[in-house]
Amino acid sequence: CLHPGVVASRFAQPRNGQGGDPSAASYLASQGIAPEKSAEAIVYLATSPDLAQTTGQYFNQSRLSTPSEEAQDVATAKKLWEESEQLAGIHYEIGRE
């Protein structure tokens with residue numbers, strides 16, 4: 001799992017005059033890292049031979065990190081999984097591949 005960092009992108013900008021958060025867009029533009037720099041971390045983690053056998057870990061940019069307590073909560077993870085299945089219209093049995 002990867003957190004790419006706070007990226008200076010247009011992610012929070014309104015589109016077609018709707019949605020978005022102008023204050024968040026301004027913050028991202030001024031404080032975020034360049035999208036290219038964020039992409040470097042993603043490409044490194046996906047292709048590095050040093051990490052070929054690494055699985056089940058959490059990285060903040062290119063550094064191994066510990067997820068927040070909330071992210072490690074099993075009940076919350078189960079609820080997120082179930083909600084995601086419902087939204088996607090699929091059901092996946094654990095152990096079935």
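Trainee: Where does Gln61 lie?

Mentor: In this predicted model, Gln61 lies in the loop between S2 and S3. Gln61 has a positive phi of about 60°, although it is not a glycine. Most residues other than glycine have a negative phi.

Trainee: Why is Val7 called buried?

Mentor: Buried means under 20% relative accessible area, and Val7 has a relative accessible area of 17%, so Val7 is called buried.

Trainee: What makes S1 and S2 a pair, and in which sense do they run?

Mentor: Two strands pair if there are at least two bridges between them, and S1 and strand S2 (residues 58-60) have 2 bridges, in the parallel sense. The bridge partner of His3 in S2 is Asn60. The open sheet has 3 strands in the order S1-S2-S3, with mixed pairing; S1 and strand S3 (63-65) each have a single partner strand, so they stand at the edges.

Trainee: How do you know that the span of helix H2 (residues 35-47) agrees with what it should be?

Mentor: At 1.5 Å a residue, the 13 residues of H2 should span 18 Å, and the end C-alpha atoms are 18 Å apart, which agrees.

Trainee: Which residues of H2 are buried, and why are they placed on the same side?

Mentor: Ser38, Ala41 and Leu45 are buried in H2; they cover an arc of only 55° around the axis, which puts them on the same side of H2. On the other side of H2, Glu36, Val43, Ala46 and Thr47 are exposed, while what covers the buried residues includes S1 and S2.

How values were computed:
Residues are numbered from 1 along each chain as its sequence is written. This is a predicted model: local features need pLDDT of at least 70, side-chain atom pairs count only at pLDDT 80 or more; totals for chains, interfaces and linings use all residues. Side-chain values use heavy atoms; hydrogens and water are left out. Buried means under 20% relative accessible area, exposed over 50%, partly exposed in between (1.4 Å probe, protein chains only). Helices (H or I, at least four residues) and strands (E, at least two) are DSSP runs, numbered from the N terminus. The expected span of a helix is 1.5 Å times one less than its number of residues. The arc is that of the directions from the helix axis to the C-beta atoms. Contact means heavy atoms within 4.5 Å.
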